[in-house]
Amino acid sequence: MAISVGVLWVGRGFLIPLAITGLLFILSSALVEKIEHTNLFGWSPPAWLAQLLSVIVVIGTLMVLGLIVSSSADDVQNALPKYQERLLRLSEKLEAFLGPRIVAAVQEATKDIDVGAWVAAALGQLGGAASLLGLVALYLVFLVTERTAWIEKLPRLAATEQETRRTQKVLTRISDGVQQYMWVNAVTSAMSGVVAFAIFSWVGLDFASLLALTVFIAGFIPNIGAFIAIALPSLVAIIQFDSLTPFLIVLFGYGCADQFIANVIQPSMQGRSLNLSTFMVMVSLTFWATLWGGIGAFLAIPMMVVSMVIFAEFPATRWIAVLLSGDGQLKDSSDLDEQDQNAEPAQPGRSKNAKQAAFDAEMEQLRTEFEHRND
């Protein structure tokens with residue numbers, strides 16, 4: 001465990017782009033399925049067109065995010081002196097309203113906080129995020145082009161047919177769980193981001209596009225994401241405007257829309273639960289945020305889903321999966337095998353040996369096709 005944590009920390013610069021690429025690949029696969037099942041006047045897009053469209057959508061989204069981040073960094077840097085001056089005026093108003101003693105106590109408690117250093121660090125992270133998005137986009141293009149090859153590699157990961165079937169079931173469960181989380185959160189976070197951008201632009205809030213992007217990203221952060229999404233724009237509104245009206249519009253206008261999306265639209269899209277413990281979600285959030293920073297918080301839930309599915313497959317680590325789950329009821333590949341056997345109708349004269357023989361013949365045929373394809 002200690003070695004694994006050390007590798008995650010030391011190799012974070014190399015592992016973070018790969019983790020993001022894997023999640024985007026799963027999300028693009030979900031998009032491919034959505035496009036393939038789209039029916040336009042009796043016509044459904046073929047697989048190659050659905051795959052091409054999904055790549056265009058994902059890469060285009062990454063490019064737009066990169067442009068927003070890179071263009072907003074200079075705007076934040078240029079507006080920083082104005083906001084520092086506004087903070088001084090707000091402190092004077094607070095002193096007149098609350099009294100000099102309370103303001104002096106607050107200043108004494110926060111004198112060691114260097115806001116400028118925080119802003120400079122945030123701007124540096126914005127620049128790094130833009131380059132990270134470029135690397136992720138490059139990874140994703142090459143990974144998607146080999147999508148079929150990676151699917152064909154799966155039967156060769158295990159030495160026996162039984163292990164092959166088990167591996168396929170585990171990978172399917174991981175893909176389904178992460179796909180469900182990523183797809184639902186991507187759609188609902190995009191809704192929140194669009195509503196936020198419309199409200200912020202109507203009010204005249206500075207950095208409206210960057211703040212809307214923050215709302216979109218915060219939608220993937222469990223529990224505290226909603227607080228970040230509403231607190232940051234509200235703080236900017238207080239500092240920017242002399243009147244409280246824009247602040248109230250941002251707070252209640254966007255807040256009500258976000259709560260409607262989170263409590264009405266998202267549950268209806270979510271369907272079945274991921275069966276994750278709320279407390280362990282916070283532990284996972286803290287763990288990954290400590291190791292990988294803000295990106296770790298973004299990846300906390302997908303990494304938790306992957307960990308729970310993998311830990312459930314091994315007796316030595318099953319207890320960890322039980323702790324991560326919401327109710328302790330886990331399903332591993334053996335449970336899925338039993339479900340498949342129970343679901344299959346009984347046929348006269350067909351025994352388990354006959355089923356195994358049919359499976360062996362199917363695997364042998366699959367191997368033969370792979371060998372001919374390689375030749």
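Guide: Let's start with two words: a helix is a DSSP run of H or I with at least four residues, a strand is a run of E with at least two, and both are numbered from the N terminus. This is a predicted model, in which local features need pLDDT of at least 70 and side-chain atom pairs count only at pLDDT 80 or more, while totals for chains, interfaces and linings use all residues. Residues are numbered from 1 along each chain as its sequence is written, and side-chain values use heavy atoms, with hydrogens and water left out.

Visitor: What share of the 375 residues in the chain is buried?
Guide: A residue is buried under 20% relative accessible area, exposed over 50% and partly exposed in between, using a 1.4 Å probe and protein chains only. Among the 375 residues of this chain, the buried share is 36%.

Visitor: How much of the chain's contacts with a separation of 6 or more comes from residues 24 or more positions apart?
Guide: Contact means heavy atoms within 4.5 Å. Of the contacts with a separation of 6 or more, residues 24 or more positions apart supply 71%.

Visitor: Is Ser28 buried or exposed?
Guide: Ser28 lies in helix H2. Leaving out residues up to four places away in sequence, Ser28 touches Ser54, Val58 and Val144. Because its relative accessibility is 4%, Ser28 counts as buried.

Visitor: Which residues does Ser54 touch, not counting residues up to four places away in sequence?
Guide: Ser54 has its place in helix H3. With 1% relative accessibility, Ser54 counts as buried. Setting aside residues up to four places away, its contacts are Ser28, Leu31, Val32 and Ile35.

Visitor: How far apart in space are Lys34 and Ala50, C-alpha to C-alpha?
Guide: Lys34 is found in helix H2 (residues 12-36) and is partly exposed, with a relative accessible area of 45%. For Ser28 and Ala50, 22 residues apart along the chain, the C-alpha separation is 9.8 Å. For Lys34 and Ala50, 16 residues apart in sequence, it is 8.5 Å.

Visitor: Which residues make the nonpolar surface patch of about 430 Å²?
Guide: Areas come from the Shrake-Rupley method with a 1.4 Å probe, and for residues only the protein chains shown count as cover. Trp48, in helix H3 (residues 47-98), is exposed at 61% relative accessible area. The members of the patch are Trp48, Leu52, Leu53 and Ile56.

Visitor: Which residues of H8 are buried?
Guide: Helix H8 (residues 208-218) is mostly covered, with eight of its 11 residues buried. Those residues are Ala208, Leu210, Leu211, Ala212, Leu213, Val215, Phe216 and Ala218.

Visitor: What is the phi of Phe207?
Guide: Most residues other than glycine have a negative phi. Phe207 lies in the loop between helix H7 (161-203) and H8. Although Phe207 is not a glycine, its phi is positive, at about 55 degrees.

Visitor: How far apart are the end C-alpha atoms of helix H9?
Guide: The expected span of a helix is 1.5 Å times one less than its number of residues. The 16 residues of H9 (residues 225-240) should therefore span 22 Å. The model agrees, with its end C-alpha atoms apart by 23 Å.

Visitor: How are the rings of Phe287 and Trp288 arranged?
Guide: Rings of Phe, Tyr and Trp (its six-membered ring) pair if their centres lie within 6.5 Å; planes under 30 degrees apart are stacked, over 60 edge-to-face and the rest tilted. The structure holds three aromatic pairs. In this one, the centres are 5.2 Å apart and the planes stand at 85 degrees, so the pair of Phe287 and Trp288 is edge-to-face.

Visitor: Which residues is Ile320 in contact with, leaving aside neighbours within four places in sequence?
Guide: Ile320 is found in helix H12 (residues 318-324). With a relative accessible area of 16%, Ile320 is buried. Apart from neighbours within four places, its contacts are Met1 and Phe311.

Key. Patch = residues over 30% accessible without salt bridge, like charges linked within 9 Å, V, L, I, M, F, W, Y side chains within 5 Å. Salt bridge = Lys/Arg side-chain N within 4 Å of Asp/Glu carboxyl O.
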